[in-house]
Amino acid sequence: MSARLDARIPGGPIAEKWDRHKFEMKLVNPANKRKHTILVVGSGLAGASAAASRAALGYQGKCFCFQDSPRRAHSIAAQGGINAAKNYQNDGDSVYRLFYDTVKGGDFRSREANVYRLAQTSLNIIDQCVAQGVPFAREYGGLLANRSFGGAQVSRTFYARGQTGQQLLLGAYQALERQVGLGHLRMYPRTEMLDLVLIDGRARGIVVRDLVTGEVTSHAADVVVLATGGYGNVFYLSTNAKGSNCTAIWRAYKRGAGFANPCFTQIHPTCIPQSGEHQSKLTLMSESLRNDGRVWVPKQKGDARPPNQIPEAERDYYLERKYPSFGNLSPRDIASRAAKEVCDEGRGVGPGGRGVYLDFADAIKRLGEHTIRERYGNLFEMYERITAENPYRVPMRIYPAVHYTMGGLWVDYNLMSTIPGLHVAGEANFSDHGANRLGASALMQGLADGYFVIPYTVGDYIGSTKLERVDASHPAFTDAERAVSERTATLLAIEGKRTVDSFHRELGKVMWDYCGMARNETGLTHALEIIPQIRDEFWRNVDVPGSAAELNQALEKAGRVADFLELGELICRDALERRESCGAHFREEFETPDGEALRDDAHFSHVAVWQYRGENQTPERLEEPLEFENVHLSQRSYK
Amino acid sequence: MKFTLHVWRQAGPTAAGAFSTYEATDISGDMSFLEMMDAVNESLIERGEQPVAFDHDCREGICGMCGMMINGIAHGPMRATATCQLFMRHFTDGDAIYIEPWRARAFPVIKDLVVDRSAFDRVIAAGGYITAPTGGARDANTILVSKSDADDAMDAAACIGCGACVAACPNGSASLFAGAKIAHLGVLPQGQAERRQRVLRMIAQMDEEAFGGCTWHGECHEACPKAISLDVIARMNGDYLRALWTTHEEKQEQGAG
Ligand SMILES: Cc1cc2nc3c(=O)[nH]c(=O)nc-3n(C[C@H](O)[C@H](O)[C@H](O)COP(=O)(O)OP(=O)(O)OC[C@H]3O[C@@H](n4cnc5c(N)ncnc54)[C@H](O)[C@@H]3O)c2cc1C
């Protein structure tokens, strides 16, 4: 194993690793904590929970986000729920089962020790959130309610109507604001991190741009935590927020942090289909809908009849047919690919034939409209608002869309990247979900990282490392500031003919066509030829109006799209090199006779980690081998 | 469809603002209001003009970042709908549409349609939380919450912090916003210990910001994209009176050895 990729997995049986590791950690004297500054970039579930927990421990803290308030991080949009192995329903759940499901669901491309810890801490998360006042759904007796969710056969998902992410984030946000009010933490909203600063090989701060005044400044620190979310917007259309971006992790990558499994991108099966070229984003319809909705398309190609005129016998409930034991609850990668397949066969519905039905007629008959309204009222409303169709009367139309990125900066067991002092939490890191994330497990991971892992491991780093005092007058900071300002000036000076958005759409289409739900060598090779051409044109022909010294949204976008244009290439490269199918990464050359993903454990049971080697150089591909001591490698089967 | 937009343009916080008129052409009914604004901005950039600055992020009606006065109504004509969830099919081809930023003393304009809502964060920082240090929580199911209390808490907690309530209020009051948080935390058993302090501190902070008082116009509820009920304000007022009567000075902590 490469020395650079020591995962630092503690010894001992899997169930004892985390406790043992916590005991062996170095502690920081409470009086000394004040002397250490920790920067958290991002205020989503991972960032807000990390910042609030650590400020409470007595460190000096600063937290940054690009929105106008930390409460607006995209975690706010999560709908369905959060998993925890509480086994409150007594249906056979346990830490071990959640661990097992997550490793298997990730198609054996995640690290066992991390996943086990995730399952363990899931128990504390629910306790913590309830203590903060998160209004989870309740049974009539006052106990917490659960539902089953995306590919799980036990009911372990906790939820707050269709707004679970919102409520969890508000809990973390309130804890964070409390620390701000007490003066322990400073919050910098409307501030974008544009570079990471290293001194003596360690992460010692960041360079940021004030998005209101345009001022570029530096913040020095002992530890930097990136919790900047996912990079799904590299596809232009996704369920992410418009501002979601890869800039923070990309700049860190270019400073030396390894980027793990960039090609593992999750395409979510239940989104509202695109309605036209003007579309600016895609809207997710929570997967929980698949608990009661049945997915189908007409059996006949090109059947243009309205859904209610297609008799039962002429409908193909293809998930129930192909995966009788999981049916409509099959995992996301499988459900998405199955939808693509039936649409490719010409059996898709709605404009352009890119859609399948999600039908609630049976559930309404069985449970009554009232129950369905109680369970999904706000989702049905949202659907109707966007499509002008009433899903209580006609089946919803759904289609897969880019949703989540399992890849991200490589981290060890302590969530530290290949750069000492740079920790990465939440969707921004690569850990835990392997090649496919199960529903309701990203919220769990974000909060596990932020509340329960980072506070310990950052303390351990500070306690065991001799850190010289540095401040922002160090030449490493002034050099980085200059580079950031020069890049901004360059973008503004191009004065070309095309808008930033037009380049973003063009890149997105290439990514979707060649590196989407199904990938192959020819397509990926082609994408690797055209992405550099788009990038080239961008730097010659983009038009960024306005100046650097003001609120300039076109400039913000330009910087982010410039980074996506580089990341897109790395994603395709990673997809090309991974000559197997696993989870969300489906290579058409590698499938079983019945069309399922065909893994190649002999050659690819590893994390692929990309190391930057300079402008226009092919990055180096390193491997962290994965060992499965507890869950036996097997072909995932949901039949 | 085609629209004539009269958009408030203001270069900075202290600059004078004015309406500029733009034609929005080729607009489809399936476009959201913000997608219509995107299209206008693309054409402005292509013509060498500055695009209109406006806040937005999730475009799913939940992050609370977007918001504009549309024909004088916060978030526009559809009830219980944030600007990003308003679709152009609800307008008539050829309409003139007036677009302005939130107008409130506590929300100074930063640029064009972008305003500074940081006062909301400060109101939360003053007391809009339950103190629950990480790690010390007891098992979640040892706290029973009746389903109806949980539902009431969730109804109030649905607030997205967009500021439409303040913009719609003739007094620029933040009572619906603060009341929603006070109601959310105040109906839960976990929120009782800090209930009195919470309301006193949040109201003191609101007064310190430039928010006005509530005189029961009810415009806030009409404008609210989550249709938060006016009950939360009544509840806040009740909590406030009770807290005023019953709160004593905090006792000094005595360290005995
Ligand atoms: C529509 C939708 C529904 C979902 N539903 C579920 C669900 O039901 N269950 C589940 O488990 N998961 C769900 N997910 C996934 C889950 O919500 C996310 O993976 C998770 O919330 C990410 O949290 P985070 O803290 O890592 O990042 P985010 O919440 O995205 O936060 C990122 C933060 O980083 C900041 N930031 C980014 N770049 C910079 C920069 N350069 N400088 C400064 N700040 C920066 C942002 O301002 C923001 O504060 C859903 C995702 C989506 C999109």
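His75(B) is buried in this predicted model, with a relative accessible area of 1% (buried means under 20% relative accessible area, exposed over 50%, partly exposed in between, with a 1.4 Å probe and protein chains only). The model is predicted, so local features need pLDDT of at least 70 and side-chain atom pairs count only at pLDDT 80 or more, while totals for chains, interfaces and linings use all residues. Residues are numbered from 1 along each chain as its sequence is written, chains are lettered from A in the order in which they are written, and side-chain values use heavy atoms, without hydrogens and water.

His75(B) sits in the loop between β4 (73-74) and β5 (96-100) of chain B. Helices (H or I, at least four residues) and strands (E, at least two) are DSSP runs, numbered from the N terminus. Most residues other than glycine have a negative phi. The phi of His75(B), however, is positive, near 65°. Ala80(B) lies in the loop between β4 and β5 of chain B. Its phi is also positive, at about 50°, although Ala80(B) is not a glycine. Ala80(B) is partly exposed, with a relative accessible area of 23%.

The interface of chain B and chain A was examined next. Chain B contributes 73 residues to the contact and chain A 74 (contact means heavy atoms within 4.5 Å). About 6000 Å² is buried between the two chains, and carbon and sulfur atoms give 52% of this area. Buried area is the accessible area (1.4 Å probe) that two parts lose on being put together, summed over both. Three residues, Glu60(B), Lys147(B) and Met154(B), supply 12% of the area that chain B buries against chain A, more than any other three residues.

Eight salt bridges cross the interface of chain B and chain A (a side-chain nitrogen of Lys or Arg within 4 Å of a carboxyl oxygen of Asp or Glu). Lys147(B) forms a salt bridge with Glu374(A), and their closest N and O atoms are 3.8 Å apart. The interface of chain B and chain A also holds 44 residue pairs in polar contact, both residues being at pLDDT 80 or more. A polar contact is a pair of N or O atoms within 3.5 Å; within protein, one must be able to donate a hydrogen and the other to accept it, and residues adjacent in sequence count only if both atoms are side-chain atoms. Several elements of chain B each supply at least two residues to the side that touches chain A, among them α1 (33-46), α2 (118-127) and α3 (147-157). α3(B) gives the most, with seven residues. The side of chain B that touches chain A divides into 37 nonpolar, 16 polar and 20 charged residues. Here Ala, Val, Leu, Ile, Met, Phe, Trp, Tyr, Cys and Pro count as nonpolar, Asp, Glu, Lys and Arg as charged, and the others, Gly among them, as polar.

Chain A is divided into domain 1 (3-80 + 163-267 + 404-463) and domain 2 (268-403), with bounds from an automatic or database domain assignment. Their C-alpha centres lie 35 Å apart. In chain A, 20 residues of domain 1 are in contact with 23 residues of domain 2. The two domains of chain A bury about 1700 Å² between them. Zero salt bridges are counted between them.

Asp93(A) is found in the loop between β3 (82-83) and α4 (95-105) of chain A. Asp93(A) is buried, at 5% relative accessibility. A polar contact of 2.9 Å joins its side chain to that of Arg156(A).
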